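Here is my note for your first reading of this model. Please keep the structure open as you go through the points.

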Amino acid sequence: MINLVILSSLIFFLFITFPFLFKRKIIGRHARTDHLTGLPNRRILEQFIQARTTPLNLPIAVVMIDIDNFNWINEKYGYENGNALIIEFSQRLFFSAPAHSLTARLEGNKFALAIPGTHSRREIQRMLSEQFLSLQNFFHVFGEPVSLTFSAGVALAPEDGSDCHTLLLRAERALRHVKHHGKNNIALYHSSFHRLDLERQLAMSFQSALQNGEFYLCYQPKFNLIEHSIDSAEALIRWNSPVHGNVSPAVFIPAAEKNGFIFELTKWILEEACRQMKQWNQSGHPIKRVAVNISAPLFLSDSLPEMISKILHDYQLPAHQLELEITETAIIEHFDKALHVIHLLKKDGISISLDDFGTGVSSLTYLKKLPIDTLKIDKSFIDGVHTSFEDKALVEMIIQLAKLFKLSVVAEGVEKKEQMSVLKKLGCDSVQGYLISRPEHPDVLNTLYTQKKHGS
Ligand code: C2E
Ligand code: MG
Ligand code: MG
């Protein structure tokens, strides 16, 4: 009986370890194994992928796996125990990997799987989830049970890349995505991940861009339909970067908001807009008010009114010549705080416009509570105001609503004469858009004004 137990234990031991040892031996012959685990290293992995992608173009899934918070293990139990755990993990990974796949250790606690064959995104996700579940039994360090979680990023050939280099980069990018979004998950590569990379690259250039004078303001006139003249302009920031080219504010403003640079940038925008307004005053230009877009985070600090009153004082500009454009989505989350800041600004005599009106919640309660002066109807409603019955009805309703609350109304993104004539009939006060002028450098607006003044 005892002999039988010993014999079956021996068979079991050989059964479990033999393939692993065998594989280790073969690969070891080529001296390309990872010294700690005996698994293939990065070079073998690359050759395995390359043999299928170039030039055969065969489908393959490349998976990068990382043990979450592994530094905690090293810190708590020391490197030797950390290494023992890595060996145990590598064995579990190896034995749970799909047939015909290759398991490799890349470095530290980072591993990779290359799984040949066609797999849909859903299939690969399910397959890996099941595999990871099987890996999650307790590991033992110093006899203590330790539970681990894993993050993984996946790139599929040919859809995510047709060569080894791209596939590894994209699997790595997907892994980083998981790491930044709470770990313990599997992400399949998606092109949108690069937007985050770009945001980070832009954020790193902000400070030097401001110092090197790469930002400048363009101004888009607002045409008063009642007076039949241009009376104000909106300042719109532009960034001409030697590294990134011309970057749209729709891209870099959110990045500046996320990394805290928006405070410094808005201060510069306000100063520059006020300096320009002062110059227009001195030259007798018809633009009598300048509007500056203000991002959400600035409404969460009391320092905005203080900063603005100092700038107005420095440029000797009356407060009624400055208008701030805010979006409802920007203030809704911290409404009471924003309301407090808006009240302070209003007390100083600054006008407030609600930008992109109609795209957010457009709540009547907020409209009633907010001490604003102007509603700017979003371009998306203006696009069809001359062709669509529904758009016209909506715009009419917004204009009536504005009149009820004693607010003036500006239509954004007016591109056609037909749109402007409908808006005039509906009682809209002002229009802004390419029909009147694109956002222009102040020199261009000055030249236009001078030409008009001299009748040319
Ligand atoms: P916004 O404040 O709603 O500005 C209107 C946007 O529509 C501007 O784009 C303008 O160039 C564009 N536009 C104006 N008229 C027309 C038209 O007739 N047709 C079309 N297709 N587009 C028109 P821009 O300059 O790219 O700015 C985009 C957004 O970036 C702005 O939307 C604003 O939210 C933000 N932004 C721009 N400058 C600043 C700034 O100085 N500070 C802050 N915080 N945000 C800014
Ligand atoms: Mg605006
Ligand atoms: Mg707008």
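1. Some terms first. Two strands pair if DSSP finds at least two bridges between them. Helices (H or I, at least four residues) and strands (E, at least two) are DSSP runs, numbered from the N terminus.

2. Ground rules. This is a predicted model, where local features need pLDDT of at least 70, side-chain atom pairs count only at pLDDT 80 or more, and totals for chains, interfaces and linings use all residues. Residues are numbered from 1 along each chain as its sequence is written, chains are lettered from A and ligands numbered from 1 in the order in which they are written, and side-chain values use heavy atoms, with hydrogens and water left out.

3. Domains. The domain assignment, automatic or from a database, gives domain 1 (30-189) and domain 2 (197-453). Taken over C-alpha atoms, their centres are 49 Å apart.

4. Strands. Start with β11 (residues 289-293) and β12 (residues 322-327). They run parallel, joined by four bridges. Val 292 has Leu 324 of β12 as its bridge partner. From β11 the chain passes through helix α10 (residues 303-314) to β12, in a right-handed β-α-β crossover. Right-handed means that, with the strands pointing away from the viewer, the path from the first strand over the helix to the second runs clockwise. On to the next pair: β12 and β13 are parallel too, over five bridges. Here Leu 324 has Ile 352 of β13 as its bridge partner.

5. Burial. Buried means under 20% relative accessible area, exposed over 50%, and partly exposed in between (1.4 Å probe, protein chains only). Five of the six residues of β12 are buried, so this strand is largely enclosed by the rest of the structure.

6. Metal site. Donors are N, O and S atoms within 2.8 Å of the metal (3.2 Å for Na, K and Ca); water is not among the atoms, so sites may look incomplete. Asp 355 also coordinates the magnesium ion (ligand 2), which is 4.1 Å from ligand 3. Asp 355 is buried at 6% relative accessible area, and Glu 412 is buried at 13%.

7. Helix check. Helix α4 (residues 79-96) has 18 residues and should span 26 Å at 1.5 Å a residue; its end C-alpha atoms are 25 Å apart, which agrees. The expected span is 1.5 Å times one less than the number of residues. Its buried residues include Leu 85, Phe 89 and Leu 93.
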